[in-house]
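Hi,

Here is the structure I promised to pass on. Please open it alongside this email, and I will walk you through what turned up.

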Amino acid sequence: MKLNVGVFFGGESVEHEVSVISGHQAMAALDPEKYNVIPVYVAKNRKLYVSDLLNDISNFRDLNALVSKCTQVMLANVDNQVQILPVKHSMFGPKNLGTIDVAIPVMHGTNGEDGTIQGFFEMLKVPYAGCDLYGAAVGQDKVLMKHILHDAGLPMTDWFWVYGSEMDTHQDEILKKVHQLIYPVILKPARTGSSVGIAIAHNDEEYLSCFEDARQYDEKVITEKVVKPMREINCSVLGDGHHCEASVLEEVTKQSAEDNMLDFKDKYMGGAKGSAKGGVKSGASKGMASTARRVPAPLSKEETEMIQKYARQTFEVLGASGVCRIDFMMDAETKHIYVNEINTIPGSLAFYLWEAGGVSFPQLMDRLVQQALDRERRRSRMTFSYETNLLANYSAQGVKGAKGVK
C-alpha cells in the first residue's frame with residue numbers, strides 16, 4: 001500500500017520562489033511506485049492550496065492566476081488521520097480531499113525552516129521529515145546557533161549581534177564594536193537565508209547603509225569579520241540524533257571577484273551546465289543545483305575529514321535531523337576552517353552532494369520518509385501527559401484565585 005506523502009512548499013518568505021523550485025525537485029524524486037505525492041502549496045498569505053496544477057512548475061509564473069484555480073484547504077486530525085479538507089464546501093463537491101501519512105516540508109526561511117510549520121505538524125500528530133521544531137528554530141536563528149556552536153568549541157569567526165532598533169540610539173557603540181573587528185565586515189539578518197539581506201561593508205558609511213538594509217529583513221542583525229581570501233566549502237549531513245553521516249564536500253566557485261561572496265543570483269540563477277536531475281522542466285531554474293561548484297572539493301584528505309567531522313558535530317549539537325547542509329569558510333592562506341552556518345532545509349535538499357557519493361535523489365527521499373516514520377514510532381512510546389483527575393474535585397471558587405478566598 002502506497003504512503004500518501006504531502007510535500008509542503010512556498011511560504012511567506014523572501015525565499016518563496018526558491019522553495020517552489022526545491023519542492024518540485026523533491027516531488028519529482030519521490031518514487032511513484034511507493035508514494036502518492038500530494039503537493040501542498042503554502043501561498044505568501046499563509047493559506048494552503050492543493051490541485052493537480054501544482055505539479056507543473058510553469059504554472060507558478062503567475063501566482064495569482066494559479067491560486068484562483070486551486071482549492072484552499074485546511075488540515076485536521078480526524079480519527080487519527082490527517083485529512084485534507086476544503087475551506088469552502090460545495091453542495092456536490094467532496095468533503096474530504098484525501099489524507100496525509102507523512103509530511104515533507106521543503107520551505108526555506110520564515111515559517112517553514114524556523115520551527116513554525118514543524119510545530120503545526122506536531123499539533124496534527126503527522127510524521128514529518130527533517131528537523132523537529134527545536135532543531136529548526138535554533139538552526140534558523142543564527143544568533144542562537146552561533147552561541148551554541150561557540151559553547152561546543154567549534155571554530156567561528158569573530159562576530160557580534162544587536163537588535164536593529166539599537167542603531168537608532170546606540171550608533172556610536174555599535175560602530176566601536178565594528179572597528180574592533182576591523183573592516184571589511186559582513187552583515188546578515190539573523191533569520192533569513194539564500195544570502196538575502198547580506199552585504200559586505202568596508203567603512204562606516206557602507207556599514208550604516210548595509211545595516212539599514214539588513215534590518216528590513218529581521219529584527220536582529222549580525223556583524224562578522226570577513227575571512228579573506230576565502231574558500232567556501234559546504235558539506236551535507238543526513239541522519240538524526242541516533243546516527244548521522246557526512247556527504248562529499250563541495251567548493252562553491254562562482255563568487256564575486258571583489259569580495260568573494262556568493263549572492264542570491266549566483267545561487268539560484270547560475271549558469272552551470274548540466275542537468276540537475278531534479279525533475280524541473282528544461283529552461284527552469286535548477287535551484288542550488290545550478291550553482292557553479294567543484295565536487296568533490298579539491299582538498300587534502302586531512303582537510304576533508306576535518307570539515308566532515310565539524311559538520312557532524314554541528315549537526316549533533318544543534319539537534320538537527322533529516323538532510324541539512326553546513327557551510328564552512330576556509331582561509332585560503334592559513335587553511336584555518338570556520339563554521340559559517342547550518343541550513344536545515346537546504347536549497348535542492350543538497351541532493352547533488354549525495355549523488356556524488358552514490359546516493360541517488362530517490363534514495364535520499366526514501367531515507368527522509370523512513371526517518372519521519374521512525375521518529376514518530378519513537379515518540380509514540382514517550383510520555384507527554386499524565387492521566388489525572390485533578391479537576392474533578394476543583395471548585396469554581398478556586399478559579400477566582402487568592403483574591404476570591406474569604
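First, a word on confidence. This is a predicted model, with a mean pLDDT of 89 for the chain and 85% of its residues at 70 or more. Please be careful with residues 271-284, where the pLDDT is below 50. Where pLDDT is low, the predicted coordinates should not be read in detail.

Next, the annotated positions. An unreviewed UniProt entry lists E15, S194 and S348 under "active site". You will find E15 in the loop between β1 (3-10) and α1 (16-29). E15 counts as buried because its relative accessibility is 4%, and the cut-off for buried is under 20%.

Helix α1 is also worth a look for its packing. Its axis and that of α11 (residues 361-380) are 8 Å apart, at an angle of about 95°, so the two helices are roughly perpendicular to each other. On the α1 side the contact involves Q25, A26 and A29, which meet F361, P362 and M365 of α11. Of the residues in this contact, five are nonpolar, one is polar and none is charged.

Finally, some backbone details in the loops. The loop between α6 (171-181) and β9 (185-189) holds P184, and the peptide bond from Y183 to P184 is cis, with omega near 0°. I182 is found in that loop too; I182 is not a glycine, yet has a positive phi of about 80°, and is exposed at 53% relative accessible area. Another cis peptide bond runs from V295 to P296, with omega near -5°.

Happy exploring!

Key
Residues are numbered from 1 along each chain as its sequence is written. This is a predicted model: local features need pLDDT of at least 70, side-chain atom pairs count only at pLDDT 80 or more; totals for chains, interfaces and linings use all residues. Side-chain values use heavy atoms; hydrogens and water are left out. pLDDT is the predictor's confidence in each residue, from 0 to 100. Contact means heavy atoms within 4.5 Å. UniProt positions are given in the numbering used here, feature names are shortened, and annotations may be inferred rather than shown by experiment. Helices (H or I, at least four residues) and strands (E, at least two) are DSSP runs, numbered from the N terminus. Buried means under 20% relative accessible area, exposed over 50%, partly exposed in between (1.4 Å probe, protein chains only). Axes are lines fitted to C-alpha atoms, for helices over the stretch in contact, and angles run from 0 to 180 degrees between N-to-C directions. Angles under 35 degrees count as roughly parallel, over 145 as roughly antiparallel, 65 to 115 as roughly perpendicular and the rest as oblique. Ala, Val, Leu, Ile, Met, Phe, Trp, Tyr, Cys and Pro count as nonpolar, Asp, Glu, Lys and Arg as charged, and the others, Gly among them, as polar.
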